[in-house]
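I'll jot down what I look up, one topic at a time.

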Amino acid sequence: MLREEVYHQMHTALWLERLAGGTTEARQRLLQALAQLWPATPGLFEPLSGESLLL
């Protein structure tokens with residue numbers, strides 16, 4: 001991983017930990033947000049149109 005990617009991974013992990021271990025409201029809001037975003041996750045791994053031309 002690149003240095004910047006490591007930073008973003010650490011930042012995300014810390015916030016997930018804080019929210020999941022925080023108040024009941026914080027945890028509930030985190031779970032709602034994750035449930036809302038989860039359906040879009042496969043799109044992160046799909047190739048972009050024209051991507052093969054860039055490689």
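**Fold.** I started at the N terminus and read off the order of the elements, which is α-α-α. I have to keep in mind that this is a predicted model. My tally for the protein is three helices and zero strands. Next I looked up the radius of gyration, and it comes to 16 Å. The globule rule gives 10 Å for 55 residues, and 16 Å is well over that, so I noted the protein as more spread out than a compact globule.

**Extent.** I then checked the C-alpha trace along its principal axes, and it spans about 50 × 30 × 10 Å.

**Surface.** How much of the protein counts as buried? I found 4% of the 55 residues.

Is A13 buried, partly exposed or exposed? Its relative accessibility is 39%, so I wrote it down as partly exposed, since that class lies between the 20% and 50% cut-offs. I also looked up how far A13 is from P42: their C-alpha atoms are 20 Å apart, with the two residues 29 apart along the chain.

**Loop between α1 and α2.** G21 is in this loop. I looked up its relative accessible area, got 63%, and so put G21 down as exposed. From G21 I went back to L2, 19 residues away along the chain, and found 28 Å between the C-alpha atoms.

**Salt bridge.** I searched the whole structure for salt bridges and got one. Which side chains form it? They belong to R29 and E25, with 3.5 Å from N to O. Both residues are in helix α2 (residues 24-37), and because they are four residues apart there, about one helical turn separates them. R29 has 56% relative accessibility, so R29 goes down as exposed. E25 comes out at 53% relative accessible area, which means E25 is exposed as well.

**Largest pocket.** Last, I went looking for empty space. Rolling a probe the size of a water molecule over the atoms shows where such space is left. The largest pocket has a volume of about 180 Å³. Which residues line the largest pocket? I listed L34, L37, W38, T41, L44 and F45. Sorted by class, this lining has five nonpolar residues, one polar residue and no charged ones. T41 is the polar entry on my list.

**Page summary.** I have an α-α-α run of elements, one salt bridge and a largest pocket of about 180 Å³ on this page.

Methods
Residues numbered from 1 in each chain as written. Predicted model: local features only at pLDDT ≥ 70, side-chain atom pairs only at ≥ 80, totals over all residues. Heavy atoms only, no water. 1 Å grid on protein atoms, 1.4 Å probe; cavity = no way out; pocket = protein on both sides within 12 Å on 5 of 7 lines; lining within 4 Å. Points joined across faces, edges and corners; volume = space filled by probe spheres on them. Helix = DSSP H or I, 4+ residues; strand = E, 2+ residues; numbered from the N terminus. Rg over C-alpha atoms; globule rule 2.2 N^0.38 Å. Buried < 20%, exposed > 50% of the residue type's maximum accessible area, 1.4 Å probe, protein only. Salt bridge = Lys/Arg side-chain N within 4 Å of Asp/Glu carboxyl O.
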